[in-house]
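Reader: Hi! I'd like to chat through this model with you. Could you show it to me before we start?

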Amino acid sequence: MNASRGASRVVALVPAAGQGVRLGESRPKAFVPVGGIPMLRLAIDGLLASESVDEVVVIVPADLLDETRALLPVSPIPVRVVPGGAERTDSVRAGLDATPAATHVLVHDAARALTPPDLVSRVVEQLRSGSVAVVPALPVTDTIKSVDAAGAVTGTPDRSALRAIQTPQGFDAELLRAAHATGVQATDDAGLVELLGAVVHTVPGAAMAFKITTPLDLVLANTLVAQREPGPNESREAVPAP
Ligand code: CTP
Ligand code: MG
């Protein structure tokens, strides 16, 4: 069962148009394989496996539209591809512009390639129970400090009140459109929604939803995929190079 109940339409946007500078591979990050499969394909498969979305829109570099289409799964749920922009916020906005019929929008980084499907379901369920903005959150394990421009510590916020925020982040579609219409740039979509004064609800995040950002993260992701048993609908076959 997917999310098309009543007039609701849940559209998942997958920003995958970044360059992956910190990862330092020769390809844009979302196209770098994990366990032989491009990150963006893994992220899409996780969204589809949740059975909680009605449509997926992948946002990729403009010169990789055809390559992206070639690696999409065969699925009864439509998966579309649109070109992204210079900043992540621009890419999300491009995806939003391509989905006028959405009532709810998930924004999910391709770089969180190993996100468990049940985390996706948890976010959608929270939207269905009336929240207008939902983010997965985990307690932080490091002590976090603020510093000034010279690197001197200016404060130590109470760690028990801090959370690390993941994706998918879920929103009422009109709220997210209003947030993006402000033209502000932010590292996550909830940050824009907070500026409008909306309440952002947290649900428990998942360790496997970590963002693959650095070479160390890629080693971890490859190791985890090598260890896990394939699920019933999952193949270990690599997607052939285009
Ligand atoms: N993203 C995007 N469009 C951009 C920048 C980022 O769609 N202009 C996407 C990335 O592809 C990624 C997600 O946003 O899936 C999270 O961004 P990040 O982890 O920062 O990825 P990159 O920007 O690719 O990495 P880096 O910042 O190291 O260059
Ligand atoms: Mg980036």
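**The ligand and its surroundings**

Author: Happy to! The space taken by ligand 1 is the second largest pocket. A pocket here is an open set of points on a 1 Å grid over the protein atoms alone, with protein on both sides within 12 Å along at least five of seven lines. A molecule sits in one if more than half of its atoms lie within 2 Å of its grid points. This is a predicted model, where local features need pLDDT of at least 70, side-chain atom pairs count only at pLDDT 80 or more, and totals for chains, interfaces and linings use all residues. Residues are numbered from 1 along each chain as its sequence is written, chains are lettered from A and ligands numbered from 1 in the order in which they are written, and side-chain values use heavy atoms, with hydrogens and water left out.

Reader: Thanks! How many residues surround ligand 1, and which are the closest?

Author: There are 18 around ligand 1, and P15, V21, K29, S91 and K211 are the closest. A residue is near a molecule if one of its heavy atoms lies within 4 Å of it.

Reader: How does that shell divide into nonpolar, polar and charged?

Author: Seven residues of the shell are nonpolar, five are polar and six are charged. In this scheme Ala, Val, Leu, Ile, Met, Phe, Trp, Tyr, Cys and Pro count as nonpolar, Asp, Glu, Lys and Arg as charged, and the others, Gly among them, as polar.

Reader: Which atom of S91 lies 2.7 Å from a nitrogen atom of ligand 1?

Author: A polar side-chain atom of S91 does. V21 uses its backbone instead: an N or O atom there lies 2.7 Å from an oxygen atom of ligand 1. A polar backbone atom of A111 is 3.4 Å from an oxygen atom of the ligand. The protein buries 88% of the 560 Å² that ligand 1 exposes when taken alone. Those areas come from the Shrake-Rupley method with a 1.4 Å probe.

Reader: Nice. Switching topic: where is Q166?

Author: Q166 lies in the loop between β10 (163-165) and β11 (169-172); strands are DSSP runs of E with at least two residues, and helices are runs of H or I with at least four, numbered from the N terminus.

Reader: Is Q166 buried or exposed?

Author: Q166 counts as buried because its relative accessibility is 5%. Buried means under 20% relative accessible area, exposed over 50%, and partly exposed in between (1.4 Å probe, protein chains only).

Reader: What does the Q166 side chain reach?

Author: The backbone oxygen of A206, at 2.8 Å.

Reader: What about the peptide bond between T167 and P168?

Author: That bond is cis, with omega at about 10°. P168 lies in the loop between β10 and β11. Most peptide bonds are trans.

Reader: And Q169, where is that found?

Author: In strand β11. Q169 counts as buried because its relative accessibility is 2%. Q169 and V107 are 62 residues apart in sequence, with their C-alpha atoms 5.3 Å apart in space.

Reader: How many residues of helix α1 are buried?

Author: Nine of the 11 in α1 (residues 39-49). Among them are M39, L40, R41 and L42.

Reader: One more: what does the S131 side chain make a polar contact with?

Author: The side chain of Q126, at 3.0 Å. S131 lies in the loop between α4 (117-128) and β7 (133-139).

How values were computed: Polar contact = N/O pair within 3.5 Å; in protein donor to acceptor, adjacent residues only side chain to side chain. 1 Å grid on protein atoms, 1.4 Å probe; cavity = no way out; pocket = protein on both sides within 12 Å on 5 of 7 lines; lining within 4 Å.
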